[in-house]
Amino acid sequence: MTQRRCGQTGPLISPLTLGLMVRDCKPGEAFDSVRRTVLRAVELGITSIDMATGYGGGAVEQAFGDILANDLNGKRDSLFIATKAGWADGSRKTLTESLERSLKQLRVGHVDLYYHHAPDEKTPFDETVAAMESLVRHGMTRYVGVSNYSLEQTVRIAPLFQQAGVPLIAHQCNYNMLNRWVEDGLLAALPGLGMSACVFSALNQGLLSDAGANGPRAGSRAAKSLDAIVNGVPTGEPAYGRYPAGDVRTHVLTMLRELSRIAKDRGQSLEQLALAWVLRHDAVATALVGLSSVEQVEAAAATMAHPDFTDEERLRINAVLPPRFGMR
Ligand SMILES: NC(=O)c1ccc[n+]([C@@H]2O[C@H](COP(=O)([O-])OP(=O)(O)OC[C@H]3O[C@@H](n4cnc5c(N)ncnc54)[C@H](OP(=O)(O)O)[C@@H]3O)[C@@H](O)[C@H]2O)c1
């Protein structure tokens, strides 16, 4: 799997990142499933892993720490471990104590990338930057990133990191075929700020899959995401799309089935097409994917055998996805 540079001068990382946000890590079959998924991902070259201090109340980092200590012993340096903290709280106290907790939970001396999870307009950006600077200086993280920051906030904070000599390399943002808000300036701005996009929910929580196109399973995350689109609820993420008036559910499912056909003509599944599509953009370093089984890991990894699009495929996709779809 060919690695891609994260940031303008940052490290090379795998184009796919294993996201562990919703994994149940209880001892027994749940933990074993996470373990199998992580090990298969690493075996296939998905060496970038994304977590947060608070995922599963700390259980996710604990579980990954177990896997690292017992199964990936000696492989730490070949992995790119990212975590994040400070949802709407960029204070020195939260950012420092959360990373201290993460390092304990993971049982490592440092992470590779530490994100401020979501912007905080109450704490001066200077404090957030100074806190991150200390964490880098103390060797607790190699690089830093921001997540869920708007274009305006990103453009405002990035120069402060640069002035402080802090390696700000990544913006973790929501981006997929049904939510293209980052095309409204953020993707274009990132390289000039020394950053790359590390995009999450590239499968729109499983809706962008052949299974999703056939009508997502009731109660699944994909079904909830479709409901959110239909109801126009922002789901806590920036800018869900504006869809044409009328029967939005039928419109979205028709669109997904059309995309599924395009994927099939490329010899791919819709989930593989959706991953290749976000990675088509040079400003995107990696796509974070919530892979919940070995089969899903193998399917995602196989995407990288056919990542490029012909002009004809681009035209077909653009005809299905109206330009600026999902933009504010
Ligand atoms: N910074 C932030 O605020 C933020 C927010 C959200 C996510 N993230 C990060 O991004 C990662 C991924 O995000 P996400 O889980 O929201 O979105 P996602 O990757 O778009 O969707 C993950 C879901 O897709 C389904 N899926 C995966 N492969 C599939 C396949 N081959 N066929 C059908 N369905 C498939 C799985 O559903 P099933 O489990 O039902 O099979 C899985 O739960 C997270 O783990 C986290 O690390 C960050």
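What is the mean pLDDT of the chain, and what share of its residues reach 70 or more? The mean is 92, and 94% of residues get to 70 or more, pLDDT being the predictor's confidence in each residue, from 0 to 100. This is a predicted model, so local features need pLDDT of at least 70, side-chain atom pairs count only at pLDDT 80 or more, and totals for chains, interfaces and linings use all residues. Residues are numbered from 1 along each chain as its sequence is written.

Now for the ligand. There are 27 residues around it, with G19, M21, F200, G206 and G290 coming nearest; a residue counts as near if its C-beta atom, placed from the backbone, lies within 6 Å. Two elements, β10 (284-289) and α11 (294-302), each put at least two residues into this shell. Helices (H or I, at least four residues) and strands (E, at least two) are DSSP runs, numbered from the N terminus.

Helix α4 spans residues 125-137. Its buried residues (20 or more other C-beta atoms within 10 Å of their own, C-beta atoms being placed from the backbone) are T128, V129, A131, M132, L135 and V136. They cover an arc of only 160° around the axis, which puts them on the same side of α4; the arc is taken from the directions from the helix axis to the C-beta atoms. On the face turned away from that side sit D126 and R137, both exposed (12 or fewer such atoms).

Conventions. Expected span 1.5 Å × (residues − 1).
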